[in-house]
Amino acid sequence: MEQENLKPAGVMDDPLTLSRLRPEWSARVPITRAQRMVLMAGCAVLLLMAAWQPWLTARAFVLVSIFFYVVHAVYKLVLVRFSVSENSEIVIGTDELAGMHDDDLPVYSIMVPMYHERESVKHLILSLSQLDYPAGKLDIQLLLEADDQETRAAVTAITLPPGFRVTIVPVSLPRTKPKACNVGLDFAHGQYLVIYDAEDRPERDQLKKAVMGFSRAGPETICLQSRLNFYNPRQNLMTRLFTAEYSAWFDLSLPGLSAAHAVIPLGGTSNHFVTRNLKDLLGWDAFNVTEDCDLGIRIQRAGYRTRMLHTTTWEEACSLLRFWIPQRTRWIKGYIQTYLVHMRHPLQLMSELGVAKFLHFQVVVGYSTLATLLNPLFWFLAILWFLFRIESLTSLFPGPVFAMGVTCLFAGNFAFVYLGMIGCYRRRYWDLVGYALLVPFYWILMSYSGWRAFFQFFSDPFKWEKTSHGL
Amino acid sequence: MGCENKLMNLKREPLLWRWGLWLVLAVVILATGLYLGRDVGTEGLVRENICRDLLAGHTSGRQGVISSVWWGPFPTLVILPAGFLLPAALSLPACLLVSALFGAATLVLLEQALRMWGAGRWRWLLMLGVALNPTFLEHCWTGSSAPMITCLLVLSLYSVTAWVQKRRLLDLIWFAFGSALLLGTGYEMSGWILAAVCVVAIEEWRRQVTGAEIRAVLLVALLPLAYTTALWLLMCWLIMGDPLYAVKSLLVAGPGPGGALVLPDALWWCYAGLAVLVGWMLVLALRKHDRSGVCLALLGLALPGAAGLMAWREQLWDTAPLLLSLLPAAVLALGHWLATLETNAEGAAARCGRRTGGVWVLACLPLLADFVPLALSEGPLRTSPSSLIEQQTPWLPDLGRHIRLQTPFAKVFVCGFESFALLQNQASPIFEHALDFNFDKARHDYYGQVLYLLVHRPEQRNAMDSIHWKSRNIYVQGGKDALYDSDWGDWRLFELIQATRSR
């Protein structure tokens, strides 16, 4: 039976509030005129230099690229070292959970945006019903699109347990998940709020851990990011490699960023927020296709903090290449959007974040995206050299640059493979540790998606390529 | 285990303290060496000049990095960036900086390991024993790779012991990288690495976990090692044209042609004493069923064991780093036992244990600091032939003149790694490094010129240079195309016979 919220109210009436009130925070204009001019001027200078001094320009390009590769590789290793420090995550023990009384727990809002996910409805309701939290203090909203008849029908066919309700998201552009979340945020009345995807299976005690985590973390922490991992890691090679990547990202890199007090690009789901603060931040940017990453940066810019919570939400790993590519395209495109939005006023960003976090932002959001675009070029050069020993290539890599390049090629790439193995090991996916050795093939797919994202950013910046689940 | 309970309560000291201690110790070591006027040793000179050639883009530089297991690439690759860090105005060889940094790192790692185990304040005295050890310092002052080897050994040994004790992933990773880098320092430590890998494998097998978990542990532990090996083979294939080039001296040359490790007799007694000390720690650990202590002591004993194996293969001259590593290994074993004494008892028993430990430390201190040989020997214990090259080089200009007297169009191929030290300040174009000398190629490339070959006496590490396994007995008998010309110090000059090519 659908219990629908149809009438929005309050400040967040409009799911596009952010883009209207603070357009400078929104990706509604993907690239500003000033940025376009800077980019075009940069390209023009590069082309002129290439025409005037092609060899020197190429050497300078290689030098800068290799320098950033070295920085990125060292940065990743340092993050791993940070990830094992004591303050990398908020860990709540079972004895602490046992000491919590239901009466003391606040109302917790859960929002689940759904679109064409009929097959996930039953599992979703089952897994949310199993959460260890008093039903009377749960405020669960299923955010359904008004024209998504199949999902609405599937929900209508089920008698929703107590605490569940349906919120209908009116049909309007852009058709994005953050827009639906903004609609839901307006109706959320919990002290805390969390976003789950339809196929998510959070650990039963996650909400209680989050409540305890917020009370322990202090008022500056307004967001807790849970670890994400997959419940189908062994479905095929794709899911195995995806699991290795996710394990390295959520179990090593993000805890490392948290311990280093760096900016944390939030993962797609299982972000727990203090609802009031989230509303103050005007919710999500409906035009950003990685609204979570963008929100993570805005939280830091506003002077708040995100921390990692030691609990896992199990998701479904995308098992088919034809769905994986669009999903990754969207993620990388979103990172490009986020980078450009926050770099509209770099000095202001630096003053808000501080120099250290500003540099973290450059590496985590900016360079990691750029690297997916640059990689094919350097792979190509490496293959050319190994296969054909083209001597002219060596002049692109003078002594110290060659040394750095070789270090990146052999030590940097190995480090990234090894990180995947360590991620699987920490997750006790013993049998997947070996599969992490195949991650370099996965990088090729990432680079392909990167270039696809790059072109799509200019051709169709708000396109949301939906990932299919239940495959 | 009592030790583990205490571990839980120990807080790591601030990062700044560790880094600060490390830098201060490095500066002290470096400054003392410079104040005492120590010269850079042969190894340091060779590696410095390989770096110079490498940066200049010369083939000899690339060959120098990877072409022999007796000259492992890792120390050279560390000296390379250190050269950038040193201001040119200091005119300080980078190898000295690297040795001092690794020497200091050895001490800091020892201190950290002993503190983590809960060895109490005695750890400072143990550390002092190593810091005052003249052999250790001599290696630090002469730019040798031995401090790097001891540092990596301490890292690997501590990590593998901690892994057996606590099974922390981080310890396994440190062991994996420590042992991989240790392999990159050269052939000497390969026996010990094998022993350490066996310990990890046996420990996993003994735990009776699933096969998948054992495979995962071994993969994490061994992948860096396997990768280092594979990379070395790949580089050999790319640069030398033969993936097994670096190990050919082992495969083709067989046992080394002898040459003893030049050490004072008293120092041998010291090493024997350290081995006995580690052996006794093994007995104590076995009696207490302390698995990590047993592992530590066994791997400590593996050092003289590996040295013995090398001596059996007549490669005793290359065991100096192995024997030197026995020093920190003994300190670790002693510290681990002290920690057990302190943590396994309370009240009066603990006080008694502490007193016993103190007596042990004080008794072992002279052994650790080599006080006995210091007292017995008349001069400083100089194990590194640091002035060797300086003593030899005065004849080099004479050799140049000797060649030019015969023909102005000559080329002298100087074989082996010591050519990098020999030719360090030699700008004459007639000399050329030859790490991969090929008669036919030389004749072809320098057709019409008179060609010479300068070969070092095949002793100690020089005996493993490629010229000696490519042309057996060349130093004594010459080759079928190489005629004896003259002797220059420890080097012998041969003239290559060139057949007249028909036109």
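Visitor: What percentage of the 503 residues in chain B is buried?
Guide: Of the 503 residues in chain B, 50% are buried; that term requires 20 or more other C-beta atoms, placed from the backbone, within 10 Å of a residue's own. This is a predicted model, in which local features need pLDDT of at least 70 and side-chain atom pairs count only at pLDDT 80 or more, while totals for chains, interfaces and linings use all residues. Residues are numbered from 1 along each chain as its sequence is written, with chains lettered from A and ligands numbered from 1 in the order in which they are written.
Visitor: And how many helices and strands does chain B have?
Guide: Chain B has 24 helices and five strands, taken as DSSP runs numbered from the N terminus (helices H or I, at least four residues; strands E, at least two).
Visitor: Now the interface: how many residues of chain B are in contact with chain A?
Guide: Chain B places 16 residues in contact with 14 residues of chain A, a contact being C-beta atoms, placed from the backbone, within 7 Å.
Visitor: Which helix of chain B gives the most to that side?
Guide: α12(B) does, with nine residues.
Visitor: Switching to chain A, where is α16(A) kinked?
Guide: The kink of about 35° is centred on A:Cys408; the bend is the angle between axes fitted to the seven residues ending there and the seven starting there.
Visitor: What follows α16(A)?
Guide: A:Arg428 follows, with a positive phi near 60°.

Technical notes: Buried ≥ 20, exposed ≤ 12 C-beta atoms within 10 Å, placed from the backbone. Contact = placed C-beta atoms within 7 Å.
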